[in-house]
There are 2 protein chains.
Amino acid sequence: MTDDTGRSLRKDAARNRERLLAAARELFAQRGLDVTLNDIAHHAGVGVGTAYRRFANKEEVIDALFEEGLRQVAAVADEALADTDAWNGLVSYLERSMELQFGDRGLNEIMNNPALGDERVSDARTRIAPLIEKLVARAKEQGLVRADLDQTDIVFAQVGLSAIMDRSRAVEPDLYRRYLTLFLDGIRADRPEVTPLPTPALTAEQTHTAMTAGRRR
Amino acid sequence: MTDDTGRSLRKDAARNRERLLAAARELFAQRGLDVTLNDIAHHAGVGVGTAYRRFANKEEVIDALFEEGLRQVAAVADEALADTDAWNGLVSYLERSMELQFGDRGLNEIMNNPALGDERVSDARTRIAPLIEKLVARAKEQGLVRADLDQTDIVFAQVGLSAIMDRSRAVEPDLYRRYLTLFLDGIRADRPEVTPLPTPALTAEQTHTAMTAGRRR
DNA sequence: ACTAAGCGGATATTGTCAATCCGTTTCTTG
DNA sequence: CAAGAAACGGATTGACAATATCCGCTTAGT
């Protein structure tokens, strides 16, 4: 194991580096990107000083982990393109990439809340956008989605869906699937029958809870 | 003009109180709820001290203005119910309430970002939820929307759409209408033809800009 | 067994806001 | 129009949160 400068690390140092990354992965996924490097250190069972000797700052930790998430999303898009049925491909990309973002608040935030990501987001776009473009183009050629659908619509759908996901996470984690289905019914070229919704709507009380359970700030 | 305790205010004090409210209205609408009471004071052309003499804290200013926004949304819902065509009513409620939220980031945040609102949100729910319920019930009875649509779906649609609105505001303010239309096409009971989309999709570059133009933090 | 590398965590630093205080100015009314 | 009450402005204080550093102690490795 080597550090950023390439020199090899002492055994305990290497172990701690891994522990820190594991803790960061877990905390980012669970609580989002604004956990403190101190939090991460303690969760990893090491002191803050150690964290700061391994990583110059939080950014560096995020960078180290972001690549992972990005690869996962790209992989999902690739698999989706491998499906010869363009509609299934599109649906599966949306479902699975939303699942990834769902399981990982940190990834979700990097993807959606720029300011934190900027060049990271650029990365994501240049790697993933072309795949989405193909996914959409195929589906359009085959006449499966409405002709006026654009590749960028997929991105904004994800923006909207993650907002819903964030809101309902605590009450009914799967709720976003319901709205994904509605979206899909909205972009199909023709829709003789409605697609059954995978998740029941929240009750009025549950909705109220979801809207009242604040997080941020 | 009287202050909170009912005693009458000196003329300049009354004037400043109005100025402060106007400035708050404007800044909340423009920049959201986390503007500082100092910001508001300066924008109103008065000192911070003055602001704090008129209002105990920011909460109080928000309260004074929230009622306004809430009334507007309720009015829109009422008008929507007055339309005998249940579909038009539903569409018009969504369009117009989104317009209100669009024009007013502060309202948007109160409606969507609890933590700040809590009991205010409760207020909103108890006043507006029943109206939405009727709107949806009518449309279902008339067989205009899919049978599995629920009143709470309207709320979550608004959550998703405001996220999109927030993201695209700087690049193409009207973009959310595009996704509203897709949503509407998704909830119609049957949809022989697709509804033309009111706003062109963003280009890839515009999308990138929108995703990269951070605000928060 | 010696030393460079690593460790922990108290502490300094920085930034952001809310809120107060007080010397000065402006109303009001007798 | 004089005088005191009311209001004003804005520098300043205080609270807090998060980042990052420093340094005396511990440990790996030869």
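Predicted model: local features only at pLDDT ≥ 70, side-chain atom pairs only at ≥ 80, totals over all residues.
How many residues does helix H4 of chain B have, and how far does it reach from its first C-alpha to its last?

View 1. Residues are numbered from 1 along each chain as its sequence is written, chains are lettered from A and ligands numbered from 1 in the order in which they are written, and side-chain values use heavy atoms, with hydrogens and water left out. H4(B), residues 58–82, has 25 residues and reaches 37 Å, close to the 36 Å expected at 1.5 Å a residue (1.5 Å times one less than the number of residues; helices are DSSP runs of H or I, at least four residues, numbered from the N terminus).

**View 2. The bend and the N-terminal cap of H4(B).** At Leu65(B) the helix bends by about 30 degrees, the angle being taken between axes fitted to the seven residues ending there and the seven starting there. A side-chain oxygen of Asn57(B), which caps the N-terminal end, lies 3.2 Å from the backbone nitrogen of Glu59(B).

**View 3. The surface near DNA strand C.**

**View 4. Side-chain contacts to DNA strand C.** A polar side-chain atom of Asn16(A) lies 2.3 Å from a phosphate oxygen, while a polar side-chain atom of Arg10(B) lies 3.2 Å from a base oxygen.

Notes:
Helix = DSSP H or I, 4+ residues; strand = E, 2+ residues; numbered from the N terminus. Polar contact = N/O pair within 3.5 Å; in protein donor to acceptor, adjacent residues only side chain to side chain.
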